[in-house]
Amino acid sequence: MRRRHLSDAMKERSHSLSSLSPPEVFVLLESRASGLTGEEVRERLAHIGPNCYSFPRRYPWLRCFIRQFTHFFTILLFISAATCFIANTLESGESMAVLGWALLSVALLNGIFSFIQEYRAERAMEALKGLLPHLVAVRRENRVFKEPAERLVPGDVILLDEGDKIPADTRLIDANGMLVNNAPLTGEAVPCIVTAEPCGEEPNEIGNIIYAGCTVMRGYGVGIVFATGIRTEFGKVAHLSQTISRTPSPLERETTHMVRTLSVIACTMGVGFFLFGVFTGKPLWVNLVFMMGIIVANVPEGLLPTLTLSLAIGSQRMARKNVLVKSLSAVESLGAVHVICSDKTGTLTQNRLSITWVSDAFTGDN
(Lines give C-alpha, C1' and ligand atoms only; values in the text may rest on other atoms or scores of the structure.)
Protein backbone atom coordinates (compact mmCIF):
# COMPACT_ATOMS: atom_id res chain seq x y z
CA MET A 1 0.00 0.00 0.00
CA ARG A 2 1.34 3.45 -0.85
CA ARG A 3 2.77 5.47 2.03
CA ARG A 4 0.40 8.34 2.76
CA HIS A 5 -1.70 9.76 5.55
CA LEU A 6 -4.82 7.65 5.21
CA SER A 7 -6.95 9.86 7.45
CA ASP A 8 -6.85 12.76 4.97
CA ALA A 9 -7.46 10.45 2.03
CA MET A 10 -10.47 8.81 3.65
CA LYS A 11 -11.95 12.15 4.64
CA GLU A 12 -11.71 13.45 1.07
CA ARG A 13 -13.17 10.27 -0.44
CA SER A 14 -16.06 9.59 1.96
CA HIS A 15 -18.39 11.96 0.10
CA SER A 16 -18.26 9.75 -3.00
CA LEU A 17 -18.77 6.41 -1.26
CA SER A 18 -22.56 6.50 -1.40
CA SER A 19 -22.71 6.53 -5.19
CA LEU A 20 -20.33 3.60 -5.68
CA SER A 21 -21.10 -0.08 -5.93
CA PRO A 22 -19.63 -2.43 -3.27
CA PRO A 23 -16.74 -3.59 -5.53
CA GLU A 24 -15.87 0.04 -6.24
CA VAL A 25 -15.94 0.82 -2.53
CA PHE A 26 -13.40 -1.92 -1.88
CA VAL A 27 -11.13 -0.49 -4.54
CA LEU A 28 -11.46 3.06 -3.20
CA LEU A 29 -10.66 2.04 0.38
CA GLU A 30 -7.95 -0.40 -0.71
CA SER A 31 -9.65 -3.36 0.92
CA ARG A 32 -11.35 -6.59 -0.15
CA ALA A 33 -14.32 -8.77 0.79
CA SER A 34 -12.07 -11.11 2.78
CA GLY A 35 -10.89 -8.19 4.93
CA LEU A 36 -7.54 -6.60 5.64
CA THR A 37 -4.38 -8.45 6.54
CA GLY A 38 -2.63 -8.08 9.86
CA GLU A 39 0.15 -6.04 8.30
CA GLU A 40 -2.32 -3.63 6.71
CA VAL A 41 -4.12 -3.17 10.04
CA ARG A 42 -0.88 -2.39 11.88
CA GLU A 43 0.19 0.07 9.20
CA ARG A 44 -3.12 1.92 9.22
CA LEU A 45 -3.21 2.00 13.02
CA ALA A 46 0.24 3.59 12.95
CA HIS A 47 -0.94 6.25 10.47
CA ILE A 48 -4.41 6.98 11.79
CA GLY A 49 -4.40 5.92 15.41
CA PRO A 50 -6.94 3.95 17.45
CA ASN A 51 -10.68 4.21 17.01
CA CYS A 52 -11.40 6.26 20.13
CA TYR A 53 -12.24 9.81 21.09
CA SER A 54 -9.20 11.75 22.22
CA PHE A 55 -10.42 14.16 24.86
CA PRO A 56 -7.77 16.86 25.23
CA ARG A 57 -7.65 17.65 28.90
CA ARG A 58 -7.68 21.42 29.19
CA TYR A 59 -6.10 21.15 32.61
CA PRO A 60 -4.10 18.05 33.43
CA TRP A 61 -4.81 16.82 36.95
CA LEU A 62 -1.60 18.24 38.43
CA ARG A 63 -2.15 21.66 36.90
CA CYS A 64 -5.79 21.53 37.97
CA PHE A 65 -4.73 20.72 41.54
CA ILE A 66 -2.21 23.57 41.69
CA ARG A 67 -4.74 25.99 40.23
CA GLN A 68 -7.00 25.48 43.26
CA PHE A 69 -4.36 27.19 45.42
CA THR A 70 -3.92 30.28 43.24
CA HIS A 71 -7.15 32.03 44.30
CA PHE A 72 -6.70 35.20 46.30
CA PHE A 73 -8.57 33.79 49.30
CA THR A 74 -6.36 30.72 49.43
CA ILE A 75 -3.14 32.69 49.01
CA LEU A 76 -4.28 35.01 51.79
CA LEU A 77 -4.81 32.07 54.13
CA PHE A 78 -1.33 30.75 53.36
CA ILE A 79 0.21 34.17 54.05
CA SER A 80 -1.73 34.42 57.30
CA ALA A 81 -0.59 30.95 58.38
CA ALA A 82 3.04 31.80 57.56
CA THR A 83 2.76 35.02 59.56
CA CYS A 84 1.43 33.09 62.55
CA PHE A 85 4.32 30.61 62.36
CA ILE A 86 6.85 33.46 62.20
CA ALA A 87 5.17 35.17 65.13
CA ASN A 88 5.22 31.92 67.10
CA THR A 89 8.96 31.63 66.43
CA LEU A 90 9.56 35.15 67.73
CA GLU A 91 7.23 34.79 70.70
CA SER A 92 6.71 31.09 71.42
CA GLY A 93 4.58 31.70 74.46
CA GLU A 94 1.68 33.20 72.49
CA SER A 95 0.60 29.84 70.91
CA MET A 96 0.34 31.40 67.47
CA ALA A 97 1.26 28.07 65.89
CA VAL A 98 -2.22 26.70 66.67
CA LEU A 99 -3.82 29.53 64.70
CA GLY A 100 -1.32 28.98 61.88
CA TRP A 101 -2.13 25.28 61.61
CA ALA A 102 -5.86 26.07 61.64
CA LEU A 103 -5.54 28.55 58.77
CA LEU A 104 -3.31 26.16 56.82
CA SER A 105 -5.80 23.32 57.28
CA VAL A 106 -8.68 25.46 56.01
CA ALA A 107 -6.71 26.44 52.90
CA LEU A 108 -5.72 22.85 52.13
CA LEU A 109 -9.21 21.44 52.71
CA ASN A 110 -10.78 24.11 50.50
CA GLY A 111 -8.29 23.43 47.70
CA ILE A 112 -8.60 19.64 47.87
CA PHE A 113 -12.40 19.75 47.96
CA SER A 114 -12.58 22.13 44.95
CA PHE A 115 -10.09 19.95 43.03
CA ILE A 116 -12.13 16.77 43.60
CA GLN A 117 -15.37 18.37 42.44
CA GLU A 118 -13.85 20.03 39.36
CA TYR A 119 -11.90 16.92 38.39
CA ARG A 120 -15.10 14.85 38.49
CA ALA A 121 -16.87 17.45 36.35
CA GLU A 122 -14.06 17.52 33.76
CA ARG A 123 -14.31 13.73 33.38
CA ALA A 124 -18.04 13.83 32.66
CA MET A 125 -17.56 14.02 28.89
CA GLU A 126 -15.73 10.71 28.93
CA ALA A 127 -19.15 9.11 29.32
CA LEU A 128 -19.43 9.45 25.53
CA LYS A 129 -17.09 6.49 25.29
CA GLY A 130 -19.96 4.30 26.47
CA LEU A 131 -21.70 4.89 23.14
CA LEU A 132 -19.12 2.77 21.36
CA PRO A 133 -19.09 -1.04 21.70
CA HIS A 134 -16.20 -2.84 23.35
CA LEU A 135 -15.97 -5.75 20.89
CA VAL A 136 -16.82 -5.84 17.19
CA ALA A 137 -17.18 -8.73 14.75
CA VAL A 138 -14.61 -7.96 12.06
CA ARG A 139 -13.54 -10.00 9.06
CA ARG A 140 -9.81 -10.14 8.43
CA GLU A 141 -7.94 -12.53 6.14
CA ASN A 142 -11.28 -14.24 5.43
CA ARG A 143 -11.85 -15.07 9.10
CA VAL A 144 -14.22 -13.42 11.57
CA PHE A 145 -12.73 -12.18 14.83
CA LYS A 146 -14.07 -10.38 17.89
CA GLU A 147 -11.79 -7.36 18.02
CA PRO A 148 -11.78 -4.34 20.37
CA ALA A 149 -13.49 -1.37 18.76
CA GLU A 150 -10.36 0.72 19.35
CA ARG A 151 -8.41 -1.41 16.85
CA LEU A 152 -10.70 -0.77 13.88
CA VAL A 153 -9.19 1.01 10.89
CA PRO A 154 -10.56 2.34 7.59
CA GLY A 155 -10.98 -0.58 5.23
CA ASP A 156 -12.02 -3.08 7.91
CA VAL A 157 -15.04 -5.26 7.04
CA ILE A 158 -17.41 -5.48 10.03
CA LEU A 159 -20.51 -7.60 10.64
CA LEU A 160 -23.48 -5.99 12.37
CA ASP A 161 -26.54 -7.66 13.85
CA GLU A 162 -29.71 -6.54 15.62
CA GLY A 163 -28.92 -4.65 18.82
CA ASP A 164 -25.29 -3.91 17.91
CA LYS A 165 -23.81 -0.46 18.40
CA ILE A 166 -22.05 0.90 15.35
CA PRO A 167 -18.33 1.33 16.13
CA ALA A 168 -17.31 3.66 13.27
CA ASP A 169 -18.69 5.45 10.23
CA THR A 170 -19.38 2.62 7.79
CA ARG A 171 -20.50 2.15 4.19
CA LEU A 172 -22.84 -0.83 3.91
CA ILE A 173 -21.97 -3.40 1.28
CA ASP A 174 -24.69 -5.87 2.27
CA ALA A 175 -27.86 -5.30 4.27
CA ASN A 176 -30.94 -7.36 5.05
CA GLY A 177 -33.90 -5.40 6.47
CA MET A 178 -31.71 -3.04 8.50
CA LEU A 179 -33.19 -0.29 10.65
CA VAL A 180 -30.77 2.07 12.39
CA ASN A 181 -31.51 4.43 15.27
CA ASN A 182 -29.62 7.68 14.66
CA ALA A 183 -31.00 9.46 17.74
CA PRO A 184 -27.60 9.86 19.48
CA LEU A 185 -26.38 11.82 16.46
CA THR A 186 -29.46 13.51 14.99
CA GLY A 187 -32.03 13.44 17.79
CA GLU A 188 -34.57 11.68 15.55
CA ALA A 189 -36.42 8.91 17.36
CA VAL A 190 -37.77 7.21 14.22
CA PRO A 191 -35.35 4.51 12.95
CA CYS A 192 -34.00 4.92 9.43
CA ILE A 193 -34.10 2.24 6.75
CA VAL A 194 -30.64 1.60 5.33
CA THR A 195 -29.57 -0.49 2.36
CA ALA A 196 -26.39 -1.31 0.49
CA GLU A 197 -27.65 0.11 -2.82
CA PRO A 198 -25.68 2.99 -4.39
CA CYS A 199 -27.29 6.41 -4.21
CA GLY A 200 -26.33 9.93 -5.21
CA GLU A 201 -27.74 11.98 -2.36
CA GLU A 202 -25.90 14.24 0.05
CA PRO A 203 -23.65 12.50 2.62
CA ASN A 204 -25.90 13.41 5.55
CA GLU A 205 -29.02 12.15 3.79
CA ILE A 206 -27.79 8.94 2.19
CA GLY A 207 -29.25 5.56 3.01
CA ASN A 208 -26.21 3.33 2.74
CA ILE A 209 -24.00 5.06 5.34
CA ILE A 210 -24.29 4.28 9.07
CA TYR A 211 -22.61 6.32 11.77
CA ALA A 212 -20.63 5.62 14.92
CA GLY A 213 -22.59 5.77 18.17
CA CYS A 214 -25.89 4.72 16.56
CA THR A 215 -27.63 1.36 17.04
CA VAL A 216 -28.94 -1.36 14.72
CA MET A 217 -32.60 -1.77 15.64
CA ARG A 218 -33.44 -4.60 13.23
CA GLY A 219 -31.85 -6.78 10.58
CA TYR A 220 -28.22 -7.43 9.90
CA GLY A 221 -25.58 -6.34 7.45
CA VAL A 222 -21.95 -6.12 6.43
CA GLY A 223 -20.10 -2.85 6.03
CA ILE A 224 -16.68 -1.41 5.38
CA VAL A 225 -15.29 1.22 7.75
CA PHE A 226 -14.22 4.52 6.16
CA ALA A 227 -13.80 6.83 9.22
CA THR A 228 -12.73 6.10 12.78
CA GLY A 229 -12.22 7.95 16.05
CA ILE A 230 -12.32 11.71 16.00
CA ARG A 231 -12.87 11.69 12.22
CA THR A 232 -16.35 10.19 12.54
CA GLU A 233 -19.40 12.44 12.62
CA PHE A 234 -19.89 11.64 16.29
CA GLY A 235 -16.21 12.23 16.97
CA LYS A 236 -16.43 15.68 15.42
CA VAL A 237 -19.18 16.60 17.88
CA ALA A 238 -17.09 15.34 20.80
CA HIS A 239 -14.03 17.19 19.55
CA LEU A 240 -15.99 20.42 19.11
CA SER A 241 -17.28 20.29 22.68
CA GLN A 242 -13.70 20.07 23.97
CA THR A 243 -11.97 22.67 21.80
CA ILE A 244 -14.50 25.50 21.83
CA SER A 245 -13.34 28.54 23.78
CA ARG A 246 -15.32 29.27 26.94
CA THR A 247 -16.22 32.74 28.17
CA PRO A 248 -16.71 33.45 31.89
CA SER A 249 -20.21 32.66 33.09
CA PRO A 250 -22.37 35.32 34.80
CA LEU A 251 -21.67 33.75 38.18
CA GLU A 252 -17.91 33.80 37.55
CA ARG A 253 -18.04 37.48 36.59
CA GLU A 254 -20.09 38.40 39.64
CA THR A 255 -17.84 36.34 41.92
CA THR A 256 -14.70 37.96 40.51
CA HIS A 257 -16.15 41.43 41.06
CA MET A 258 -17.16 40.58 44.63
CA VAL A 259 -13.74 39.08 45.43
CA ARG A 260 -11.97 42.20 44.20
CA THR A 261 -14.24 44.48 46.20
CA LEU A 262 -13.88 42.45 49.40
CA SER A 263 -10.13 42.20 48.92
CA VAL A 264 -9.71 45.96 48.63
CA ILE A 265 -11.85 46.56 51.72
CA ALA A 266 -10.10 43.87 53.79
CA CYS A 267 -6.58 44.94 52.80
CA THR A 268 -7.37 48.62 53.43
CA MET A 269 -8.67 47.84 56.90
CA GLY A 270 -5.73 45.56 57.68
CA VAL A 271 -3.10 48.08 56.58
CA GLY A 272 -4.91 50.83 58.48
CA PHE A 273 -4.85 48.86 61.75
CA PHE A 274 -1.21 47.89 61.12
CA LEU A 275 -0.17 51.54 60.75
CA PHE A 276 -2.21 52.46 63.80
CA GLY A 277 -0.39 49.81 65.84
CA VAL A 278 2.99 51.02 64.62
CA PHE A 279 2.21 54.63 65.59
CA THR A 280 1.01 53.56 69.04
CA GLY A 281 4.23 51.62 69.73
CA LYS A 282 2.90 48.03 69.57
CA PRO A 283 5.39 45.22 68.78
CA LEU A 284 5.86 44.48 65.08
CA TRP A 285 4.77 40.85 65.28
CA VAL A 286 1.61 41.82 67.15
CA ASN A 287 0.77 44.34 64.44
CA LEU A 288 1.39 41.78 61.70
CA VAL A 289 -0.78 39.12 63.30
CA PHE A 290 -3.52 41.63 64.02
CA MET A 291 -3.40 42.92 60.44
CA MET A 292 -3.69 39.42 58.99
CA GLY A 293 -6.47 38.63 61.44
CA ILE A 294 -8.44 41.67 60.28
CA ILE A 295 -7.95 40.72 56.62
CA VAL A 296 -8.88 37.05 57.15
CA ALA A 297 -11.91 38.01 59.22
CA ASN A 298 -13.25 40.22 56.42
CA VAL A 299 -12.60 37.71 53.63
CA PRO A 300 -15.13 34.83 53.30
CA GLU A 301 -12.62 32.03 52.82
CA GLY A 302 -15.48 29.51 52.73
CA LEU A 303 -17.04 31.16 49.67
CA LEU A 304 -15.17 29.08 47.06
CA PRO A 305 -15.96 25.63 48.52
CA THR A 306 -19.56 26.71 49.11
CA LEU A 307 -19.99 27.70 45.45
CA THR A 308 -18.22 24.55 44.31
CA LEU A 309 -20.45 22.35 46.46
CA SER A 310 -23.67 23.96 45.25
CA LEU A 311 -22.64 23.65 41.59
CA ALA A 312 -21.46 20.07 42.12
CA ILE A 313 -24.85 19.12 43.56
CA GLY A 314 -26.49 20.66 40.50
CA SER A 315 -24.23 18.75 38.12
CA GLN A 316 -24.99 15.47 39.91
CA ARG A 317 -28.72 16.11 39.59
CA MET A 318 -28.26 16.76 35.87
CA ALA A 319 -26.18 13.61 35.52
CA ARG A 320 -29.06 11.59 36.96
CA LYS A 321 -31.14 13.01 34.10
CA ASN A 322 -28.52 11.74 31.58
CA VAL A 323 -27.12 15.24 30.98
CA LEU A 324 -23.35 15.45 30.48
CA VAL A 325 -21.83 18.43 32.30
CA LYS A 326 -18.39 19.45 31.07
CA SER A 327 -17.70 22.13 33.70
CA LEU A 328 -19.35 23.23 36.91
CA SER A 329 -19.97 26.74 35.56
CA ALA A 330 -22.27 25.26 32.90
CA VAL A 331 -24.79 24.43 35.64
CA GLU A 332 -25.14 28.07 36.62
CA SER A 333 -25.13 29.27 33.01
CA LEU A 334 -28.43 27.47 32.39
CA GLY A 335 -30.06 29.82 34.87
CA ALA A 336 -28.93 32.83 32.85
CA VAL A 337 -30.39 31.61 29.53
CA HIS A 338 -33.17 33.81 28.14
CA VAL A 339 -33.66 32.36 24.64
CA ILE A 340 -33.17 28.78 23.38
CA CYS A 341 -33.05 28.29 19.60
CA SER A 342 -33.80 24.75 18.44
CA ASP A 343 -34.81 23.23 15.13
CA LYS A 344 -37.32 20.92 16.77
CA THR A 345 -38.76 20.23 20.20
CA GLY A 346 -37.82 16.55 20.06
CA THR A 347 -34.21 17.48 20.73
CA LEU A 348 -35.17 19.04 24.05
CA THR A 349 -37.86 16.60 25.15
CA GLN A 350 -38.22 12.83 25.31
CA ASN A 351 -38.72 12.28 21.57
CA ARG A 352 -42.32 11.18 22.20
CA LEU A 353 -45.59 12.67 21.01
CA SER A 354 -48.89 12.01 22.79
CA ILE A 355 -52.46 13.27 22.48
CA THR A 356 -53.45 15.42 25.45
CA TRP A 357 -56.71 16.92 24.18
CA VAL A 358 -59.17 16.18 21.37
CA SER A 359 -61.41 18.89 20.03
CA ASP A 360 -65.02 18.00 19.15
CA ALA A 361 -65.37 20.94 16.75
CA PHE A 362 -65.23 18.65 13.71
CA THR A 363 -66.96 15.58 15.09
CA GLY A 364 -70.49 16.74 14.28
CA ASP A 365 -72.42 15.84 11.18
CA ASN A 366 -72.07 18.17 8.21
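Helices (H or I, at least four residues) and strands (E, at least two) are DSSP runs, numbered from the N terminus. Two strands pair if DSSP finds at least two bridges between them.

This is a predicted model, in which local features need pLDDT of at least 70 and side-chain atom pairs count only at pLDDT 80 or more, while totals for chains, interfaces and linings use all residues. Residues are numbered from 1 along each chain as its sequence is written, and side-chain values use heavy atoms, with hydrogens and water left out.

Strands β1 (residues 135–140) and β2 (residues 143–148) run antiparallel and are joined by 6 bridges. In this pair, Val-136 stands opposite Glu-147 of β2. The hairpin of β1 and β2 has 2 residues between the strands, and Glu-141 takes a positive phi near 55° there.

Strand β4 (residues 169–181) has antiparallel pairings with β7, β6 and β5.

| Partner of β4 | Bridges |
|---|---|
| β7 (residues 215–227) | 10 bridges |
| β6 (residues 209–210) | 2 bridges |
| β5 (residues 192–194) | 3 bridges |

Ala-175 stands opposite Gly-221 in β7, Arg-171 opposite Ile-209 in β6, and Met-178 opposite Val-194 in β5.

Ile-265, Met-269, Phe-273 and Phe-290 make a nonpolar surface patch of about 350 Å². Helix α9 (residues 250–279) gives the largest share of the patch, 3 residues. Ile-265 lies in helix α9 and is partly exposed, with a relative accessible area of 42%. Partly exposed is the range between buried (under 20% relative accessible area) and exposed (over 50%), with a 1.4 Å probe and protein chains only. Accessible areas come from the Shrake-Rupley method with a 1.4 Å probe, and for residues only the protein chains shown count as cover.

Note on methods
Patches are made of residues with over 30% relative accessible area and no salt bridge: like charges are joined within 9 Å, nonpolar side chains (Val, Leu, Ile, Met, Phe, Trp, Tyr) within 5 Å. A salt bridge is a side-chain nitrogen of Lys or Arg within 4 Å of a carboxyl oxygen of Asp or Glu.
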